[in-house]
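Here is a walk through one protein model, meant to be read beside its sequence and coordinates. Start with a single pair of side chains, then widen the view.

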Amino acid sequence: MIKREIFALILLVAFIGIKAQYGTLNAILDRLEEKRGINKNLQNVNIDDSKFVLIKDFPDHTERNFIIIKGNKSTFVEMFDDKSNGESSSNVFSGDVVHSKNNIISLRADRLEGEKIPIPITKTLLLTQQKKIRYLIDINSKERWIEESAFNKK
């Protein structure tokens with residue numbers, strides 16, 4: 001009988017120790033994420049009249065992408081600069097945007113230069129902030145869109 005009680009006591013102490021380590025580890029991870037801007041509550045941040053930029057450089061061309069948010073409307077612009085001949089082309093998509101809980105922004109562009117398109121462009125983005133600079137991180141591709149006002153300051 002005493003062996004069972006000792007075993008139960010050891011099991012209880014081990015469980016409490018594991019629970020305490022888990023709580024400490026969780027607190028450390030929360031602080032690290034907060035420093036990186038991932039875990040901040042930005043639900044009340046106003047992103048109205050914001051413009052975010054993503055630039056991708058390839059050997060033969062450069063892509064400049066813009067997301068412009070005005071209220072619940074959005075504009076998604078793709079610009080392609082051909083390095084061989086210097087020509088540029090662009091696509092301008094328009095649609096709507098929703099800023100939901102947990103810093104998630106959903107963008108759906110269903111029109112290309114005013115014409116309805118059969119398959120809308122959709123993006124699910126995570127709003128983050130580091131050192132007063134706002135970013136959008138694409139949930140699927142991990143691409144980081146920087147707010148244009150911060151980009152122009154540099």
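The side chains of Asp96 and Arg108 meet in a salt bridge, at 3.2 Å from N to O. A salt bridge here is a side-chain nitrogen of Lys or Arg within 4 Å of a carboxyl oxygen of Asp or Glu. The pair links distant parts of the chain. Asp96 sits in strand β4 (residues 88–99) and Arg108 in strand β5, 12 residues apart. Salt bridges that share partners extend this into one network of Asp96, Arg108, Asp110 and Lys116. Asp96 counts as partly exposed because its relative accessibility is 26%. Arg108 is also partly exposed, at 34%. Buried means under 20% relative accessible area, exposed means over 50%, and partly exposed lies in between (1.4 Å probe, protein chains only).

Some ground rules. This is a predicted model, in which local features need pLDDT of at least 70 and side-chain atom pairs count only at pLDDT 80 or more, while totals for chains, interfaces and linings use all residues. Residues are numbered from 1 along each chain as its sequence is written, and side-chain values use heavy atoms, with hydrogens and water left out.

Now the whole chain. How many helices and strands does the protein chain have? It has two helices and eight strands. From the N terminus, the order is α-β-β-β-β-β-β-β-β-α. These elements are DSSP runs, numbered from the N terminus: helices are H or I with at least four residues, strands are E with at least two. Of the 154 residues, 28% count as buried. The accessible surface comes to about 10,900 Å², and carbon and sulfur atoms hold 56% of it. Those areas come from the Shrake-Rupley method with a 1.4 Å probe; for residues, only the protein chains shown count as cover. Contact means heavy atoms within 4.5 Å. Among contacts between residues at least 6 apart in sequence, 32% join residues at least 24 apart.

Next, the strand pairing. Two strands pair if DSSP finds at least two bridges between them. Strand β5 (residues 104–112) and strand β6 (residues 115–130) run antiparallel over eight bridges. Ile104 has Leu126 as its bridge partner in β6. The two strands form a hairpin with two residues between them, and Glu113 in the turn has a positive phi of about 50 degrees.

β6 then pairs with strand β7 (residues 133–138), antiparallel over six bridges.

β7 and β8 continue the pattern with three antiparallel bridges.

Setting aside residues up to four places away in sequence, Ser50 touches Ile67, Ile68, Ile69, Arg134 and Glu147. Ile133, in strand β7, is buried as well, at 18% relative accessibility. Beyond its neighbours within four places, Ile133 is in contact with Thr128, Ile146 and Ala150. Its C-alpha lies 9.6 Å from that of Glu148, 15 residues away in sequence.

Back to charge. Side chains of opposite charge can pair when their charged atoms come close. A search of the whole structure finds 11 salt bridges. One of them joins Lys70 and Asp49, with the closest N and O atoms 3.6 Å apart. Lys70 lies in strand β2 (residues 61–70) and Asp49 in the loop between α1 (2–36) and β1, so the pair ties together parts 21 residues apart in sequence. Both Lys70 and Asp49 are exposed.

Arg64 and Asp81 form another salt bridge, at 3.0 Å between the closest N and O atoms. Arg64 lies in β2 and Asp81 in strand β3 (residues 73–82), so this pair ties together parts 17 residues apart in sequence. Arg64 is partly exposed, at 26% relative accessibility. Asp81 is buried, with a relative accessible area of 18%.
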